[in-house]
Amino acid sequence: MSGAAATRRLSPTLLVGLGILGLFALAALAAPVIAPYDPIYQEATARLQPPSFAHPFGTDNFGRDILSRIIFGARVDLQMAAIGVFFPFVIGTFIGALAGFFGGLVDAVLMRLIDIILAFPFLVLMLSIIAILGPGLSSFYIAMALVGWVSYARLIRAQILVLKTADYAVAAVSLGFSKPRVLFRHLLPNAVAGSVVFCMSDAVLVLLSGAAISYLGLGVQPPTAEWGIMVAEGQAFLSQAWWITLFPGLSIVVLAFGFSLIGDALGEMMGVHE
Amino acid sequence: MHRYSFILTRPLQFLPVVFGVSLITFILVRLIPGDPARVLLGARATPTAIANIRAQYGLDEPLWLQYFYFLRNLLHGEMGTSIVYKIDVLRLIATRIEPTLALVVASVVLSILIAVPLAALAARHQGRPIDHVIRIVSTFGIGFPPFWLGLMLIILLAVTVPIFPVSGYGDTLFQKLAHLFLPALTIALSLSTVLLRSLRAAMVDWLKSDVATAARARGVPESVVFWRHVLPNSIAPSINLLAVNIGWLIGGTVVIESIFALPGMGQLLVRAIFSRDYMVVQGVAMVFACATVMVNFLADIATVAADPRVKL
């Protein structure tokens, strides 16, 4: 499908995905306005209330309103997904482009480094880095940047290897353009489509990892409202108050569904297959 | 070159990877703040006692020498002594391998049992409602946080309807299988969604292939076309995907084992990180990394075996 045709008719998949993402973004931006309660206000008389008109998603063991905590949690979780994708994307794209374009020793060393990082189970590496840096969101971002760039680097490198033999690349070189100009102005814009699509499935992985890290007590710290932490807080009350655990988890699932739909739609539009 | 000759050459490429893994593990573990001797002895330890422990575990040596000893011992198949459990790290890991290995195998088997029939159903009804339903459900499944899914399964199948045990491992084979079911199902539900998509895409292509058309032209029934031609050919590309995901899965066991209190290596690792048990963290990370490398190697062999056209 040509670019013009693709923009004229947006696929329903893309619209639904963008709609979900937009809804959560709106909730995050307007949280203080739309949340019915203060997310950390403890209402002593309303502990462990099941869902009702006053508290649509119920309350937790401190009497905090789950719906309000989920709305405020959207701020943290969306930020986590965005920053957790951004740095690996930028670092990985840069490194992958250099490795693919220049080849030789740099490429060989970087590829071995990527092999080593990929040999580590992802979560094990994340946990170790966070154990070094101490719990918290910034540790999560640093760990994510240190580990996550490898997928982008591999994708971009493979693309650059193919593209640098293309006619327009050879033409640009023979016109005497500088190497950085050929790489960043001519090759990279054409190589980046696959990575942009991958960003969306990566956002799902980052969101799940961030929530898992917080669930293990190594990410966002209480009393901040974040969906992974909320699941952990509800675990002790699983048999008597399922709503504390159910709704924050569902929020993760729905937001991840949105990211996946956008990724699928973009992949189809750009003719990229994972 | 023979198709299988990579089996002999590939392990040589593992050496730098395993060496790199050992170096990174060593550096990471030393960078974790906190003194293991102090953690072990508690807040009221005397300086002499701390110095003794540090000497006993070689923690007072220069770092490069510690790494050299670590490598030398590794070559002799030794990983040191756990500071917390006070036993040999390899023996400690050996007692924890079974639940983790069983969990990984059970998850893979379950996810194949879920993914293959659903992929076949979707592919054979491509573009029809059932295909769309399966696609939407599997897209949803990708975003299920395993730790949350595990808790939901506990509510459904252990609290509301008490069919399966919630935590622990058990002694007899039957008890073990019962304890493994919920954690394995948790992982399988996530893993199968990824497999399902790749299998369906491959099956759709193979259903349209010349092989399938030729078979139909010979009057071969559709079900035989599917089982004899489409399914075997569709599996090859998914083997590597499964291998990549087993790397993820091994990491994922860390969380799942914590939820279901399975006494496996993931649980051991989390506790070792928090108690600064250097030797155990090193040992488990090395075993995990080597297992990941091995799984990918086995997947390469399986891919070559499954598809005669593939050359590595």
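This is a predicted model: local features need pLDDT of at least 70, side-chain atom pairs count only at pLDDT 80 or more; totals for chains, interfaces and linings use all residues.
Leaving out residues up to four places away in sequence, B:Val284 touches B:Ile93, B:Met265, B:Leu268, B:Leu269 and B:Ala272.

Next I checked the largest nonpolar core, which has 165 residues. B:Val284 turns up again there, among the residues with the most contacts inside the core, along with B:Leu269, A:Leu207 and A:Ala256. Domain 1 (6–94) and domain 2 (97–263) of chain B both give residues to this core, so I place it between them.

Then I went to helix H1 of chain B, residues 6–31. Its 26 residues should span 38 Å at 1.5 Å a residue, and I get 37 Å between the end C-alpha atoms, which agrees. Which residues of H1(B) are buried? I list B:Val17, B:Val21, B:Ser22, B:Thr25, B:Phe26, B:Leu28 and B:Val29. They pack against helix H4 (63–75) and helix H12 (278–306) of chain B, and also against helix H5 (104–119) and helix H6 (122–133) of chain A.

That took me to where the two chains meet. I find 36 residues of chain B in contact with 33 residues of chain A. On the chain B side, H1, H6 (129–142), H7 (146–160), H10 (222–260), H11 (265–274) and H12 each supply at least two residues. By class, that side has 29 nonpolar and 7 polar residues, and no charged ones.

Last, I looked at chain A in UniProt. The unreviewed entry annotates residues 74–263 as "domain: ABC transmembrane type-1". Over that stretch I get 83% helix and 0% strand, with the end C-alpha atoms 20 Å apart.

Definitions and conventions: Residues are numbered from 1 along each chain as its sequence is written. Chains are lettered from A and ligands numbered from 1 in the order in which they are written. A nonpolar core is a set of buried Ala, Val, Leu, Ile, Met, Phe, Trp, Tyr and Cys residues joined through C-beta atoms within 7 Å. A residue is buried if 20 or more other C-beta atoms lie within 10 Å of its own, exposed if 12 or fewer, and partly exposed in between; C-beta atoms are placed from the backbone. Domain bounds come from an automatic or database domain assignment. Two residues are in contact if their C-beta atoms, placed from the backbone, lie within 7 Å. Helices (H or I, at least four residues) and strands (E, at least two) are DSSP runs, numbered from the N terminus. The expected span of a helix is 1.5 Å times one less than its number of residues. Ala, Val, Leu, Ile, Met, Phe, Trp, Tyr, Cys and Pro count as nonpolar, Asp, Glu, Lys and Arg as charged, and the others, Gly among them, as polar. UniProt positions are given in the numbering used here, feature names are shortened, and annotations may be inferred rather than shown by experiment.
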